[in-house]
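Please read the following briefing with the sequence and the structure side by side.

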Amino acid sequence: MNGDFIDALHEIEKEKGISKDIIFDALESALISSYKKNFNASQNVEVEMDRTTGKVKVLALKEVVDIVENEYLEIDLNDAKEIDDRFQIGDIIKIEITPKDFGRIAAQTAKQVVIQRIRDAERDVIYDDFINRENEIITGLVQRISKNNVYVDLGKTEGILPPSEQIQGDRLKLLISEVKKTTKGPQITLSRSHPNLVKRLFELEVPEINDGIVEIYSISREAGSRTKISVFSKDPNVDPLGSCVGFKGSRVKVIVDELKGEKIDIVIWSKDIGEFIANSLSPSKVLNVIVDEKEKSAVVVVPDYQLSLAIGKEGQNARLAAKLTNWKIDIKSESQYNQDIE
């Protein structure tokens, strides 16, 4: 080791953000293994590297004893006191045993360790960058498709968009749904189908939501087709629906465009569950809501001509309303309901 090596570590620290102390520690551990492999596996050793000069020392660790039974691990008390008369039985003494050609081994090991530590550190930097960003929005460019997975370029790394999380688009806003460490580095799983993607998009586009004046109460979503989102305002002077829609629909249009035309119903949340359920069935008109608090179920009466609208194509509107409110909803036309009560 020499000054050039130390200079190289300084550059790595500056460019890669990898502490040279981390590399020194890893290198010392690797050199212990190298020494035991090439010289004496029976000894208990430490390797010390001078952080300024790069000089390497191999030190044998021996316990001070009365009677030496293993010369590789123990040293006689008298011999220890010749080194330093303060040593006592049970102390651990360090004796330099650096082989003559250990510098060559150290140089080879250093190269391998530095390359591996750079890889590991870069992976750790990426992991640390993303682990606290779960449920955040990120923009990425579709890079490749393999086995139905879409791999998205996120700059320093790539994310995986599994088939279950996909809706089409090239440059995409995506939700970071999961970040985990693997043997191949951090794995960042992205989503385009998670309801929280819609939530984050509204936070980006609606200042009143970002500022906490308007809040999102609940979201139900069938990705690529339709979403319902319920909102309310903490300020009686701020219209939550108008805030989310924007002037001439400008705010919600940005979100719909990002979701490639997915329909979005924005409804007002209310403490009155009957009112909330009626709102959740938008765009259908509702005549009456009969609630059963115990069963968390409701019968909703709509005009005859609005029945199909209230239920929606293949039951979608009713299904999303039930998910939005977390109540069971039975929709009846006015004539059906009147027949039932007769």
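The briefing begins with the basis of the model and then treats sheet, helices, rings and backbone in turn.

This is a predicted model, in which local features need pLDDT of at least 70 and side-chain atom pairs count only at pLDDT 80 or more, while totals for chains, interfaces and linings use all residues. Residues are numbered from 1 along each chain as its sequence is written, and side-chain values use heavy atoms, with hydrogens and water left out.

**The sheet and the hairpin**

- Helices (H or I, at least four residues) and strands (E, at least two) are DSSP runs, numbered from the N terminus.
- Three strands form an open sheet in the order 10-11-12, with mixed pairing; two strands pair if DSSP finds at least two bridges between them.
- Strand 10 (214-222) and strand 12 (263-268) are the edge strands, each of which pairs on one side only.
- From one strand to the next, the twist averages 20°; angles run from 0 to 180 degrees between N-to-C directions, and axes are lines fitted to C-alpha atoms, for helices over the stretch in contact.
- Strands of a sheet pair through backbone hydrogen bonds, either parallel or antiparallel.
- Eight bridges join strand 10 to strand 11 (residues 226-233) in the antiparallel sense, and Ser-220 stands opposite Lys-228 in strand 11.
- Strand 13 (residues 288-292) and strand 14 (residues 297-302) also pair in the antiparallel sense, over five bridges.
- Strand 13 and strand 14 form a hairpin with four residues between them, and Lys-296 in the turn has a positive phi of about 50°.
- Asp-292 stands opposite Ser-297 in strand 14.

**Helices against the sheet**

- Helix 5 (residues 195-205) lies across strand 10, strand 11 and strand 12, and runs at about 145° to strand 10.
- Helix 11 (residues 316-325) is mostly covered, as seven of its 10 residues are buried; buried means under 20% relative accessible area, exposed over 50%, and partly exposed in between (1.4 Å probe, protein chains only).
- Among the buried residues of helix 11 are Gln-316, Ala-318, Leu-320 and Leu-324.
- The buried residues of helix 11 pack against strand 10, strand 11, strand 12, helix 9 (273-280), helix 10 (307-311) and strand 15 (328-333), where contact means heavy atoms within 4.5 Å.
- Two packed helices are described by the angle between their axes and the distance between the axes.
- For helix 9 and helix 11, the angle is about 145° and the axes are 9 Å apart.
- Phe-276, Ile-277 and Ser-280 of helix 9 make the contact with Ala-321, Leu-324 and Thr-325 of helix 11.

**Aromatic rings**

- The structure holds four aromatic pairs; rings of Phe, Tyr and Trp (its six-membered ring) pair if their centres lie within 6.5 Å, and planes under 30 degrees apart count as stacked, over 60 as edge-to-face and the rest as tilted.
- Tyr-35 and Phe-39 form a stacked pair, with 5.3 Å centre to centre and 20° between the planes.
- Tyr-35 counts as buried because its relative accessibility is 5%, whereas Phe-39, at 34%, counts as partly exposed.
- The pair of Phe-232 and Trp-269 is tilted, because the ring centres are 5.0 Å apart and the planes stand at 55°.
- Phe-232 lies in strand 11 and Trp-269 in the loop between strand 12 and helix 9, so this pair ties together parts that are 37 residues apart in sequence.
- Both Phe-232 and Trp-269 are buried.
- Ring pairs link Tyr-217, Phe-232, Trp-269 and Phe-276 into a cluster.

**Backbone features in loops**

- Ser-282 and Pro-283 are joined by a cis peptide bond, with omega about 15°, and Pro-283 lies in the loop between helix 9 and strand 13.
- Lys-248, a residue other than glycine, has a positive phi near 55°.
- Lys-248 is found in the loop between helix 7 (240-245) and helix 8 (250-258), and is exposed, with a relative accessible area of 77%.
- Asn-326 has a positive phi of about 65° although it is not a glycine.
- Asn-326 is placed in the loop between helix 11 and strand 15, and counts as exposed because its relative accessibility is 56%.
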